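Welcome to my notebook. I am opening a structure that is new to me, and I will jot down what I look up as I go.

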Amino acid sequence: METITTLAGLRLALAKARKAGRRVGFVPTMGYLHEGHLALVEASRAQSDATVVSIFVNPTQFGPNEDLSTYPRDFLRDERLCRDGGVSIVFAPDPREVYPGGFETFVEPGELSKPLCGAFRPGHFRGVATVVCKLLNMVQPDAVFLGQKDFQQCAVVRRMATDLNFPVEIITVPTVREPDGLAMSSRNRYLNDEQRQRALCISRALFAADAKFRAGEREVDVLVAIARRHLDQVDPLHYVELVDADTLKPAASPLSHPAALCVAAHVGGTRLIDNVVLNPEADAPAPSKTVPELHWLDDRVQDTLTCDRMSMPSS
Ligand code: AMP
């Protein structure tokens, strides 16, 4: 595995890979890697000859009062995890390499960037779209691997890639969870034990609504109310919304298209997000390519779901 910090070095290394006809998979990250990131690496390795992981805490996607300066970092550990995970190249550029002096050109995403997190983090998706655009131009991968956990990010990047004609395949990988259901996130590191326990209400809320959905409930208000009932341990709750999986606009009731139930909330000052996809067409033939992976629950989460089902009120 090579660790590369300059664009010139990256281009050189990738030119060799391309000359040898190797398919390049790309996993953009902000580092402090966990099993969620490693699932993306695994997916890339399964579908590519060489996997590039970028580790870059992107300043343009953080608001002025957000956690850019405290964002967790452990580069040596990340490097080791990448080496053990079979990564070919770690690209860890300096912010000045990505945003040289005089930088003033941004990618402005449209409607998909406005609801959900976009309403609470002004400029966030502009920063995300800009850095992903730049990284795609730098790496020029055949495929890029993104986590379903950042559902709106996937939608914004997919739209950008289509609108700006990036010749790249975009692959969404299901959310990886802790055994108790909490979605893995670098920010979980901020939680103390008590907050960690409280944070569990987020995945519980999603699983409870998902269980009711699987039992046949299709009314949007009912599904959202079930989730909301569990979200009493967060403060503040930014949103719990059921949105159309393609447009991110409020889902029409009763549900007839794939929808995402999305939550963002603070627990003790840490902002956490999570989602589940509810697909009424699950039994229909192959879902459209824009619909993220739907059969994402692993066995451990299924167990949690079963518990939720058993304790589910009848209304
Ligand atoms: P980040 O380092 O948080 O910017 O995330 C880098 C990539 O990893 C993004 O595509 C995320 O959606 C993905 N990711 C983060 N957490 C998870 C998770 N728990 N499961 C799957 N993918 C994840």
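I started with E97, which sits in helix α4, residues 95-98. Helices here are DSSP runs of H or I with at least four residues, strands are runs of E with at least two, and both are numbered from the N terminus. A note for myself: this is a predicted model, where local features need pLDDT of at least 70, side-chain atom pairs count only at pLDDT 80 or more, and totals for chains, interfaces and linings use all residues. Residues are numbered from 1 along each chain as its sequence is written, and side-chain values use heavy atoms, with hydrogens and water left out.

Next I asked what E97 is in contact with, leaving aside its neighbours within four places in sequence. The list is T5, T6, L7 and A8, contact meaning heavy atoms within 4.5 Å. E97 and T5 are 92 residues apart along the chain, and their C-alpha atoms are separated by 8.4 Å.

**Salt bridges**

How many salt bridges does the structure hold? I noted 11, each being a side-chain nitrogen of Lys or Arg within 4 Å of a carboxyl oxygen of Asp or Glu.

I looked up the bridge between the side chains of E66 and R121, at 2.6 Å from N to O. E66 is in the loop between β3 (50-55) and α3 (75-84), and R121 is in the loop between α5 (117-120) and α6 (124-139), so this pair ties together parts that are 55 residues apart in sequence. R121 is buried at 11% relative accessible area, while E66 is partly exposed at 29%.

R96 and D94 form another salt bridge, with their closest N and O atoms 2.9 Å apart. R96 counts as exposed at 65% relative accessibility, and D94 is partly exposed at 33%.

I also wrote down K114 and E111, whose side chains meet at 2.7 Å, N to O. K114 is partly exposed, with a relative accessible area of 48%.

**Helix α6**

I then turned to α6, which has 16 residues. From first C-alpha to last, α6 reaches 22 Å, close to the 22 Å expected at 1.5 Å a residue; the expected span is 1.5 Å times one less than the number of residues. α6 is mostly covered, with 14 of its 16 residues buried. Just after α6, I spotted Q140 with a positive phi of about 45°.

**The cavity**

My search of the whole structure gave 1 cavity of 30 Å³ or more. On a 1 Å grid over the protein atoms alone, a cavity is a set of points where a 1.4 Å probe fits but cannot get out, and lining residues have an atom within 4 Å of a point. The largest cavity holds about 60 Å³ of space, a volume being the space filled by probe spheres set on the grid points, which are joined across faces, edges and corners.

Which elements give two or more residues to its lining? They are α8 (193-214) and β9 (270-278), and β9 gives the largest share, 3 residues. Among the lining residues I listed K149, A199, L272 and D274.

**T270**

My last entry is T270, found in strand β9. T270 counts as buried at 5% relative accessibility. Beyond its neighbours within four places in sequence, T270 is in contact with R187, Y190, L191 and A265.

Terms used: On a 1 Å grid over the protein atoms alone, a cavity is a set of points where a 1.4 Å probe fits but cannot get out, and a pocket is an open set with protein on both sides within 12 Å along at least five of seven lines; lining residues have an atom within 4 Å of a point. Buried means under 20% relative accessible area, exposed over 50%, partly exposed in between (1.4 Å probe, protein chains only).
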